[in-house]
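Hi,

Here is the structure I said I would pass on.

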Amino acid sequence: MPEGARVLAPSAVKAAGQMWTDAKQLQDFPVPQEMTSDDLLHTKAEFVDASKNAMEAEFDGVELHGANGYLLEQFLSPVSNIRKDVYGGSVENRCRFVLEVITAVAESIGKGKTGIRLSPYGVASDMPHYPEIDATYKYLSERINNLGIAYIHLVDHSAMGAPVVPIEIKKLIRNNFRNTIILSGGYDKDKAEDAIQRGLCDLVAFGRPFINNPDLVERFRNNWPLSQDLKMDLFYTADEKGYTDYPFYLV
Ligand SMILES: Cc1cc2nc3c(=O)[nH]c(=O)nc-3n(C[C@H](O)[C@H](O)[C@H](O)COP(=O)(O)O)c2cc1C
């Protein structure tokens, strides 16, 4: 983080635990400052600018990050968002900033190029469960559907040791949202086919298998075996080792 940068969040609530930084390794989460009305406007504009830049760089679209304890999810949760204004309190108020950001980005680059990643029941970065999770994601997914963006991408990190994400919440969001649903987390080819066949989603995203199988799609297509050699000790390190140096099946 640049020297002197302000640390912002919906509310001045410190997350428990530590975060990884390349320069200083593990650091305690700081106590953030509650975002002012100006901060909200500025941040929304930054999402729009970043999205426009991505289009200028010829990306196909933009995935807003509303998952895993990132800023947008912090607005959704009544634990991290204890604001007293129209952005905190009720389900509608906690979803407001997320919906405003989606609207602004979709208006600027096109709703067909806009998606969002969400992690209901995720606990990454000290995001504990709360009683109104289902009500929050019910309302949010209905409203996102009205905005007509391209997709919702649902994260499930239970295969990485996180708490189970109830199937009911995935079905609820599937039923509320008419465009593409992407699921991710712990999938292999068979599990992915099964989820699509059962109508739970339209697409499945892969994370770790893509790291040690740079030709993952070709391997799926040709039924080639997947590499099981995944060097987890090289995750979150700052160079290419463990990221772009895995071999292709056909050399
Ligand atoms: C090295 C590494 C870095 C990751 N970084 C992020 C991240 O910055 N933000 C995020 O939302 N998820 C991150 N993830 C999670 C993945 O996006 C994905 O949700 C997760 O790996 C589960 O999918 P998988 O079982 O196919 O790997 C990361 C995963 C790995 C392995």
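**Around the ligand**

Of the 15 residues around the ligand, the ones that come nearest are His65, Asn68, His157, Gly186 and Arg208. Do keep in mind that this is a predicted model.

One is with His65, where a side-chain N or O atom is 2.6 Å from an oxygen atom of the ligand. Arg117 also uses its side chain: an N or O atom there sits 2.7 Å from a ligand oxygen. With Gly186 it is the backbone instead, an N or O atom of which lies 2.6 Å from an oxygen atom of the ligand. As for cover, the ligand has 610 Å² of accessible area on its own, and the protein covers 79% of that.

What is the shell made of? Seven of its residues are nonpolar, six are polar and two are charged.

**Where the ligand sits**

You'll find the ligand in the second largest pocket. The chain itself is divided into two parts, domain 1 (8-181) and domain 2 (207-251), and their centres, taken over C-alpha atoms, are 29 Å apart. Why does the ligand lie between the two domains? Domain 1 and domain 2 both give residues to the shell around the ligand, so that is where it ends up.

**The cavity**

Rolling a probe the size of a water molecule over the atoms shows where empty space is left. How many cavities of 30 Å³ or more does the structure hold? The count is one, and the space in this largest cavity is about 50 Å³.

Cheers

Key: Residues numbered from 1 in each chain as written. Predicted model: local features only at pLDDT ≥ 70, side-chain atom pairs only at ≥ 80, totals over all residues. Heavy atoms only, no water. Near = heavy atom within 4 Å. Polar contact = N/O pair within 3.5 Å; in protein donor to acceptor, adjacent residues only side chain to side chain. Areas by Shrake-Rupley, 256 points an atom, 1.4 Å probe, with all protein chains shown as cover. 1 Å grid on protein atoms, 1.4 Å probe; cavity = no way out; pocket = protein on both sides within 12 Å on 5 of 7 lines; lining within 4 Å. Sits in = over half its atoms within 2 Å of the grid points. Nonpolar A, V, L, I, M, F, W, Y, C, P; charged D, E, K, R; others polar. Domains from an automatic or database assignment. Points joined across faces, edges and corners; volume = space filled by probe spheres on them.
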